[in-house]
Amino acid sequence: MASTSRVPVMAVCLLLQILASLAACDSGRSEEKVGGREVMMAVPRSALLDRLHLSTRPNSKPLQTKHPDANHRRRKGFQEENLVLEERNSDPAKIHREEDVVQELANLQAILANQVEEDRGFDVPLPLPEMKEKYTRRSFLNLVPLYLPDAQRANAECRRDLLALYRSLIVLEELVKNGTMWPLQMVDSWGKFADGMLVGNLNLMGFFRECVRISVTQDDADFRGQYCFLSYGASKNTSNVTDERQDLRTPMLSTMMHPSLPTTYATCMPSTCTRDELRDTVNEALAPAGYELTLVQCQVEHPQRAFSADEIFGIVFFSVLAAVLVIATFLDVWSECFQQQTLRKGPAKYLLVFSVSHNLQKLFHLDTSKNPGVISCLHGIRFLSICWVVLGHQYAYSVYLASNPLELPELAKPAAFQIIANGDLSVDTFFLMSGTLVCLSVLKQMSQAGKFNAALYYLHRITRLLPPIAMADAFLATVSGLLVTGPLAELYRSFYLKGCRHSWWMDVTFISNLLFPHLADMGKTNEGATCLPQCWYTGVDTQLYILMPLVLLPLYYRKKQGRLWLAFWTAASLAVPGAIVGAYDLWPASMLSSDTEASLQYNYKVYLTPWCRASPYLVGLWTGYILHTAKNSPEYRKLTASQVWAGWAAAIGVALAVVFGIARYNDPSPGTPQMTLAEAVLYGALHRAAWAAAVAWVIVACHWGYGGPVDWFLSHPCWQPLSRLTYCIYLTSLPIQFALQYSTMRPHYYTNLAKIQETCGVLFIVILVSVALTLVSEAPILGLEKLLLRPSAPKSQHETPATIMPDELSSVSSANTEECSACAQSEDSPRCDQVPGNS
């Protein structure tokens, strides 16, 4: 019996010796395979062997996931053994010693590296969907230092979840087969290099939704996906990033049109990890290359946070305003149905001006009657001009999200692109119309009343422009951040929204154009300039509006001397910009160039200043004076056929010369010839006034009956509602374009067709929002103005009151400026009786 019992004991000993020798051989093979990789140099040799044969230990356990019944054993066609990974130290409380964390992380990295080297399938010509697990592991090992915090230095919960990610990647095939996709999704959502690198496709935004929708709840992990957007620049000098942001704060097209290669990428990490932990790890990885992070912004889906005071105020304010609109509409409909006219004459009339039904009828009313006193072509000119503005902004402000920025110089080479490059001429069209309507209004008031009412002149300007601006600022500064979602949403809040909340006052005081050059001195280097950067125009227009009575009144009292006085100021408006361009050697216009400093100098010294933008406004004064004079002198309006043809030929020729005349110089490609100083001075001094003169001819010819098909098109009644919305379109278009850009999920391929399609979509959204802004601000305020300042208004639209309110077309703006009536602004009726909201 004794001898019999020794047999199994000896057999067992012999078997153990064989297993030990086999293990030693296996260890040698493993070291030979991975010993050349840097990541394996720090792994103890016994550690790898220990992990590979972990299943022989009696206390080993399978990896626990949210599928507890899954068999997590990784099958390899070229490997005979089956590896089962023990869930070692899954409890974060057990991973407390630094050496334990180092060993755990090293072991996991070693196994992943070994799997990557043993993976077959990379010899096939194309990546197959079945190889996604192999590509995921390889991408993870290559990118992890730049995409995840260092687990050794992370907090306990983050360390737990990162180690769970490592373990899951080792058995990724089995997890995917059993429906556990989160490890694959996390790495897949990272922003990685893709096709088109040679055309500048370096904006690696990853997949936002794929990341933030990750939710993991299992024994060794509990977190949500956290999307992080990172930007990096040269160490010890991040001025390039600051300068780029300063470009965003200037509303100039040329500043935005140069291609730039963004140094940004996105990652996805567990929500238990912090932004600072990610920043420290990535900075350490970037330091050898001479870079450092300049921006790290992280967000999860539906974060649990309390509303800020600004957001609470906005929600309450707009809720109350909505309630007022509902009540006013109900009273208006009720009084109409039951013929309660006394209600309309009592105190309730001040509430009824907020009636949505009444104001919508005014807004969309079409006047198809022919009125010789109505300049009906202004409707079409106004709306088409604002469309040109929106198109130019769409081209400009979407450059930074282009996936092909290096192709943009080629896109700008055709001469037809000058229509986009010179889109700022549309602003000069608005200056022209503003000057025309102001002149007609003031001269009409003087002719009818014999005096100039300065108080009403300036008060009307404030009530006309300020309420929509204030309402738009209030919305943007309070609740707009709640509507922006996507990879760049945090950038919207930390940059644009921050500047909006700090500097909204620049919009409502009409001085933003004068403050833009001094933003750095004001400490605004890491935030947007203001809520409505396009309100630089209302600033310039208002500053000119304030001074116009000094130029116009002499035309009424002393016509000959008044004309000389107007001619003097017109000549000065041409000389000043030319002199400034020559003295500072500036661009003559907004040019397509990557020279940001030259662009900013032109913008600050010429583009934003009222003394350099006055020439089209003064051309508008001449236009208004001609129309006013011709009203009382019918023979003045009679032109011969040769005069008409000459006028149209001159207008078309001048307009084409202005738009395409500098095409050979306005090219961002290297080697583009430069304008001489004389050419720059001449073009800079004359081109805006020349454009305004060409458009002035269109207005005069159409109004006097020499427009033909042009007049038919521009005067069609279909333009009337859109024309009334012009001011609100001007105010809302750029913020909406900003919000859409900040909500973009992926870079887009930049083409002319794509920009036109985007502009059409933006216009549709903007028109809807503009209707809402008109109903809550512009229409009610104009109704209140009529009740308070014009209580004795004539019953007939064609009767003339003793005091006529001045009308102007403000800004790309002055919405429908006093001409948002059912009929267009007219000479005989400069005060628009049918402004939306007026009863």
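**Figure 1. Burial across the protein chain.** Buried residues account for 54% of the 839 residues in the protein chain. The model shown is predicted. The protein chain has 34 helices and 5 strands. Take contacts between residues at least 6 apart in sequence: 81% of them join residues at least 24 apart. The accessible surface of the protein chain is about 36400 Å². Carbon and sulfur atoms supply 62% of that surface.

Figure 2. The whole structure holds 36 aromatic pairs. One of them joins Tyr-232 and Tyr-291, edge-to-face. Their ring centres are 5.5 Å apart, with 80° between the planes. Tyr-232 belongs to strand β3 (residues 221–234), and Tyr-291 to strand β5 (residues 291–299). The two residues are 59 residues apart, so this pair links distant parts of the chain. Tyr-232 has 21% relative accessibility and counts as partly exposed. Tyr-291 is partly exposed too, at 36%.

**Figure 3. One aromatic cluster.** Phe-140, Tyr-147, Tyr-166, Trp-190, Tyr-232, Tyr-265 and Tyr-291 make up this cluster.

**Figure 4. Arginines over tyrosine rings.** Arg-461 sits over the face of Tyr-545, 4.5 Å from the ring centre. Arg-613 sits over the face of Tyr-607, at 4.4 Å from the ring centre.

Methods:
Residues are numbered from 1 along each chain as its sequence is written. This is a predicted model: local features need pLDDT of at least 70, side-chain atom pairs count only at pLDDT 80 or more; totals for chains, interfaces and linings use all residues. Side-chain values use heavy atoms; hydrogens and water are left out. Helices (H or I, at least four residues) and strands (E, at least two) are DSSP runs, numbered from the N terminus. Buried means under 20% relative accessible area, exposed over 50%, partly exposed in between (1.4 Å probe, protein chains only). Contact means heavy atoms within 4.5 Å. Accessible areas come from the Shrake-Rupley method with a 1.4 Å probe; for residues, only the protein chains shown count as cover. Rings of Phe, Tyr and Trp (its six-membered ring) pair if their centres lie within 6.5 Å; planes under 30 degrees apart count as stacked, over 60 as edge-to-face and the rest as tilted. A charge sits over a ring if NZ of Lys or CZ of Arg is within 6 Å of the ring centre and within 35 degrees of the ring normal.
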